[in-house]
Amino acid sequence: MQDRYLPLLKVQRQIEEQTGKPLPVSRNPYMGEELMTGRIGARLERLAEDHVQPLFDAMHAEKVTTEELESFLYARHAPERNARIAEINPSSPRAKAPA
């Protein structure tokens, strides 16, 4: 597999060769990138476990489809959307519609 941060690692190694000592962990960009990837992965897993799966479980229990949820969220956003359209174009029919 290709390492897209290999150029960073090469520059880091050149710096370490020129200074004669390794970069401290706090200033090691290559290691920082590897750690960040792990942190992001862990956060995505927690998001799925804590929010996404419970939402899908509740939808299943209430027999709500994804399409129904999408329609609900779209409709819930309508007053905000209409207000913004009214700001941009006061002559729009939506500008006169009740929020």
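Me: In this predicted model, which exposed residues sit on the face of helix 1 turned away from its buried side?

Reply: The general idea is that an α-helix has 3.6 residues a turn, so residues three or four places apart point the same way. In the case here, the face of helix 1 turned away from its buried side carries Pro7, Lys10, Glu17 and Gln18, which are exposed.

Me: Which residues of helix 1 are buried, and why can they be said to line one face of the helix?

Reply: Leu9, Gln12 and Glu16 are the buried residues in helix 1. When one looks down the axis of helix 1, its buried residues fall within an arc of 65°, so they line one face of the helix. These buried residues pack against helix 2, which covers residues 29-62.

Me: How many residues does helix 1 have, and what span does it reach from its first C-alpha to its last?

Reply: Helix 1 runs over residues 6-19, has 14 residues and reaches 20 Å from its first C-alpha to its last, which is close to the 20 Å expected at 1.5 Å a residue. Just after helix 1 comes glycine 20, which takes a positive phi of about 80°.

Me: Which residue has a positive phi although it is not a glycine, and where is it found?

Reply: As background, most residues other than glycine have a negative phi. Here lysine 63, which is not a glycine, has a positive phi of about 60°, and lysine 63 is found in the loop between helix 2 and helix 3. Its relative accessible area is 69%, so lysine 63 is exposed.

Me: How many salt bridges does the structure hold, and which side chains meet in one?

Reply: Side chains of opposite charge can pair when their charged atoms come close. The structure holds 1 salt bridge, in which the side chains of arginine 84 and glutamate 87 meet at 3.0 Å, N to O. Both residues lie in helix 3, 3 residues apart, about one turn of the helix. Arginine 84 has a relative accessible area of 46% and is therefore partly exposed, whereas glutamate 87, at 58% relative accessibility, counts as exposed.

Me: Is tyrosine 74 buried or exposed, and how far apart in space are tyrosine 74 and tyrosine 5?

Reply: Tyrosine 74 lies in helix 3, and since exposed means over 50% relative accessible area, its value of 56% places tyrosine 74 among the exposed residues. Tyrosine 74 and tyrosine 5 are 69 residues apart in sequence and 40 Å apart in space, taken C-alpha to C-alpha.

Methods
Residues are numbered from 1 along each chain as its sequence is written. This is a predicted model: local features need pLDDT of at least 70, side-chain atom pairs count only at pLDDT 80 or more; totals for chains, interfaces and linings use all residues. Side-chain values use heavy atoms; hydrogens and water are left out. Helices (H or I, at least four residues) and strands (E, at least two) are DSSP runs, numbered from the N terminus. The expected span of a helix is 1.5 Å times one less than its number of residues. Buried means under 20% relative accessible area, exposed over 50%, partly exposed in between (1.4 Å probe, protein chains only). The arc is that of the directions from the helix axis to the C-beta atoms. Contact means heavy atoms within 4.5 Å. A salt bridge is a side-chain nitrogen of Lys or Arg within 4 Å of a carboxyl oxygen of Asp or Glu.
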